Amino acid sequence: MTETLLEVRNLVKHFPVRRGWFKKEVGRVRAVDGVSFDVNEGETLALVGESGSGKTTTGRLVLRLIEPTSGEVLFEGQNVLALRREPLRKLRRKMQIIFQDPQSSLNPRMRVNTIVSEPLVIHRVADRKERDEQTADLLRLVGLDPSLGTRYPHEFSGGQRQRIGIARALALHPRFIVADEPISSLDVSIQAQILNLLMDLQEKLHLSYLFIAHDLRIVEHAADRVAVMHLGRLVEVAPTADLFKNPAHPYTRALLESIPEPVPDKKPRPVIQGEQPSPLNPPPGCHFHPRCPVAVNRCRSESPVLIDLARGHSAACHLASTS
């Protein structure tokens, strides 16, 4: 039986908006609004949605890089949000992140060897000689020559910089990694190489990923399951093949229809009409109803919850059971 590594329950993050001389709170940005999901051992769960849907905020809340408003995050049965400084420091050896932009996430004043070995220094792992050996092994693991470790980040290409970021994330032998759009800022020719590297590392090191992305073409090949997020809420969760074959939520169908196809004479598919509502003032009921082509009156007043449609497939749509 597959072990559940990470459990997220009713995770909420509201950012206060303050204005005026006395910084009075005039509203709250509902970035994450009651999100729940699990990640199993050795699994890749993709978290997808438009920009501004709350994907990155969710990933950082899980790692407690941002403090949540409420909710619960359990990793290996431990409540991450209840841990004090030293226990949290120890737990973070098992939970790491790969950032979206490999240029801004690497210190330009540090050599690559120093960047990759920094987690080992912070957590006091091994002595100097052993750290140097481990750093060389990590660079080899991600496909870089250890002799390049004396160089600075600006001397590398975007793909090579992301490999350095991956090596740093692996330094403490984590079990779980949040990959925050790790290939979206790279050239198309390099994206497949980095994606294949992440998949190879997962198999070799038994890693679990929360893979944040907006490109569903990538998700189809990289993820075991997909969680679709819209305006701070999950609207559908399903095994990848099932989601692409039988999308249940209108928002999911719209995202799939927006994937471009390399067919010159084919008419473009319809795209989602209208602008995404503001998380500062989300619409009542289903947040997607102002842009939904099949919305009914109930959608405008009653917020749907995730309901099970089939084994492992759930959707938050009033019409999901009949559509």
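This is a predicted model: local features need pLDDT of at least 70, side-chain atom pairs count only at pLDDT 80 or more; totals for chains, interfaces and linings use all residues.
Helices (H or I, at least four residues) and strands (E, at least two) are DSSP runs numbered from the N terminus, and two strands pair if DSSP finds at least two bridges between them.

On that basis, four strands form an open sheet with antiparallel pairing, in the order S2-S1-S4-S5. Strand S2 (24-40) and strand S5 (78-79) stand at its edges with a single partner strand each, so one side of each is left without a neighbour in the sheet. Helix H1, residues 55-62, packs on this sheet and touches S1, S2 and S4, its direction making about 115° with that of S1. Here contact means heavy atoms within 4.5 Å, and the axes are lines fitted to C-alpha atoms, for helices over the stretch in contact, with angles running from 0 to 180 degrees between N-to-C directions.

Within the sheet, strand S1 (residues 4-19) and strand S4 (residues 70-75) are joined in the antiparallel sense by five bridges; Leu6 stands opposite Phe75 in S4, and Val12 has Ser70 as its bridge partner in S4. Phe75 also has a bridge partner in S5, namely Gln78, and S4 and S5 pair in the antiparallel sense over two bridges. These two strands form a hairpin with two residues between them, and Glu76 in the turn has a positive phi of about 55°.

Turning to the other sheet, we find an open one of eight strands with mixed pairing, in the order S6-S7-S8-S3-S9-S10-S12-S11. S6 and S11 stand at the edges, each with a single partner strand, so one side of each is left without a neighbour in the sheet. From one strand to the next, the twist averages 20°. Helix H6 (residues 188-205) lies across S3, S6 and S8, and runs at about 160° to S8.

At the S11 end, strand S11 (residues 307-310) and strand S12 (residues 313-315) run antiparallel and are joined by three bridges. Ile307 stands opposite Ala315 in S12, and Ala310 opposite His313. Two residues lie between the strands of this hairpin, in which Gly312 takes a positive phi near 80°.

Now to empty space. Rolling a probe the size of a water molecule over the atoms shows where empty space is left. On a 1 Å grid over the protein atoms alone, a cavity is a set of points where a 1.4 Å probe fits but cannot get out, whereas a pocket is an open set with protein on both sides within 12 Å along at least five of seven lines, and lining residues have an atom within 4 Å of a point.

The largest pocket holds about 490 Å³ of space. It is lined by 20 residues, of which Gln96, Ile97, Pro119, Ile122 and His123 lie nearest its centre. Strand S6 (95-98), helix H3 (112-122) and helix H5 (158-170) are the elements that give two or more residues to this lining, and the largest share, four residues, comes from H3.

There are two cavities of 30 Å³ or more. About 70 Å³ of space lies in the largest cavity, and of its 14 lining residues the closest to the centre are Pro250, Cys286, Cys292, Cys299 and Cys317.

That returns us to the second largest cavity, which is lined by Ile97, Ile98, Phe99, Ser105, Gln162, Gly165 and Arg168. S6 and H5 are the elements that give it two or more residues, with H5 giving the most, three residues.

Finally, a word on charged pairs. If a salt bridge is a side-chain nitrogen of Lys or Arg within 4 Å of a carboxyl oxygen of Asp or Glu, the count comes to 17. One of them joins Arg175 to Glu3, with the closest N and O atoms 3.7 Å apart. This pair links distant parts of the chain, 172 residues apart, with Arg175 in the loop between H5 and strand S7 (176-180) and Glu3 in the segment before S1.

How values were computed: Residues are numbered from 1 along each chain as its sequence is written. Side-chain values use heavy atoms; hydrogens and water are left out. Grid points are joined across faces, edges and corners, and a volume is the space filled by probe spheres set on the points.
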